[in-house]
Amino acid sequence: MAKIYPKMFFDGAIVEDKAAALSITSSAVLYGLSVYTVFPAFSDKDGNLAAFRLAEHLKRLKNSAKIMGLGNLVESWNTEDLTLAVKKLVNANAIEEDIFVRASLHVDERLPGMRSRGLNTNFSMFAYSADPILPPSGARLKTSVWRRVPDSSIPARAKVNGAYANSVLAKQEALDNGYDDCVFLDSDGHVCELSAANIFLVRDNRLITPSLTSDLLEGINRQTVIELAKTEDLKVEERQIDLTELYIADEAFAVGTSAFLAPILEIDARTVGDGKIGPLTKKLGKLHKKALKGEEPRYSDWVTVLK
Ligand code: PMP
């Protein structure tokens, strides 16, 4: 279990864990009507905590709120406002280890029925230790019997809490069958993503990932890997992927805030490539790690030091 820091940012103030509570009458609790993001803050080369791609996380949170029709205080926030709030959270807890921060916008209106517009919202954040959700040594995946929620039902593009029941079903089914995580397929059987990470495969030195119209979350680390690959002159294809193409990939990996960049070594009892971590996965994994910690001068503007 990750260590959860006890002081939380809740409705504009720092409060103790127990005071950061939502009513059982709220839409957040009743319908999962909340949107969120999770970003890392890792110690950089000078030993200071630095948050990764805050501007992109704020933008995605606003986009999720917009899709769901939620108005909110964060609407008017810029990256500096978010940075200030994150600093308050980190200082209140005197955090000195690598962490993840979960930032949520909850609809805390009491029993409003099936509505989203014009309701009270509450912006909150808490920090917890940055434990990876996939084994860094290589993950084993199972195609889920559950299909990904399509954009026409609950958009995976909007990071809405209620939609994560779909991820829970799929991840639990994978765990029940002895795997580390699932591969979600869309309604037509094309590859989408894992329960909480995006997916890449490598074929003949080309990097291939499902396109943004494949019912997936617009992952910030997915975009990061694409940008890193381009600066390394690697070819990147964003397109539909058949499940069988995944079976015959030379390499495959998952990427996301909580997954880091995790090699995938087995899918549905088929070995990926030669069953070892491939060269491009290794290379991108190293670059990604450096970028996250602000150790790569080319991407230093991706991190915000929280001093
Ligand atoms: N897909 C899903 C469904 C997720 O929950 C996550 C984790 N936020 C990701 C992909 C990866 O997104 P990111 O790189 O922004 O963490």
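Reader: Which residues are buried in H7?
Author: First, the ground rules: this is a predicted model, where local features need pLDDT of at least 70, side-chain atom pairs count only at pLDDT 80 or more, and totals for chains, interfaces and linings use all residues. Residues are numbered from 1 along each chain as its sequence is written, and side-chain values use heavy atoms, leaving out hydrogens and water. Helices here are DSSP runs of H or I with at least four residues, strands are runs of E with at least two, and both are numbered from the N terminus. Taking buried as under 20% relative accessible area, exposed as over 50% and partly exposed as in between (1.4 Å probe, protein chains only), the buried ones in H7 are Leu280, Thr281, Leu284, Gly285, Leu287, His288, Ala291 and Leu292.

Reader: How far apart are the end C-alpha atoms of helix H7?
Author: H7 has 14 residues, 279–292. The expected span is 1.5 Å times one less than the number of residues, so H7 should span 20 Å. The model agrees, with the end C-alpha atoms apart by 20 Å.

Reader: Are the rings of Phe42 and Phe100 stacked, edge-to-face or tilted?
Author: Phe, Tyr and Trp rings (the six-membered one for Trp) pair if their centres lie within 6.5 Å, and planes under 30 degrees apart are stacked, over 60 edge-to-face, the rest tilted. A search of the whole structure gives 11 aromatic pairs. For Phe42 and Phe100, the centres are 6.2 Å apart and the planes at 45 degrees, so the pair is tilted.

Reader: How many residues apart are Phe42 and Phe100?
Author: Phe42 is in strand E3 (residues 34–43) and Phe100 is in strand E5 (residues 99–107). Phe42 is buried at 4% relative accessibility, and Phe100 is buried too, at 0%. The pair links distant parts of the chain, with a separation of 58 residues.

Reader: Which residues do ring pairs link into a cluster with Phe42 and Phe100?
Author: Phe126 and Tyr128 have ring centres 5.8 Å apart and planes at 40 degrees, so they make a tilted pair. Phe126 is partly exposed at 25%, while Tyr128 counts as buried at 16%. Besides Phe42 and Phe100, the cluster holds Phe126, Tyr128 and Phe260.

Reader: What charged end sits over the ring of Tyr36?
Author: A charge sits over a ring if NZ of Lys or CZ of Arg is within 6 Å of the ring centre and within 35 degrees of the ring normal. Over at Tyr179, Arg140 does this at 4.7 Å from the centre. For Tyr36, the distance is 3.5 Å and the residue is Arg102.

Reader: Which element gives the largest share of the lining of the largest pocket?
Author: A pocket is an open set of points on a 1 Å grid over the protein atoms alone, with protein on both sides within 12 Å along at least five of seven lines, and lining residues have an atom within 4 Å of a point. The lining counts 38 residues, with Tyr36, Lys159, Tyr164, Ala196 and Ser258 nearest the centre. The largest share, 6 residues, comes from H4.

Conventions. 1 Å grid on protein atoms, 1.4 Å probe; cavity = no way out; pocket = protein on both sides within 12 Å on 5 of 7 lines; lining within 4 Å.
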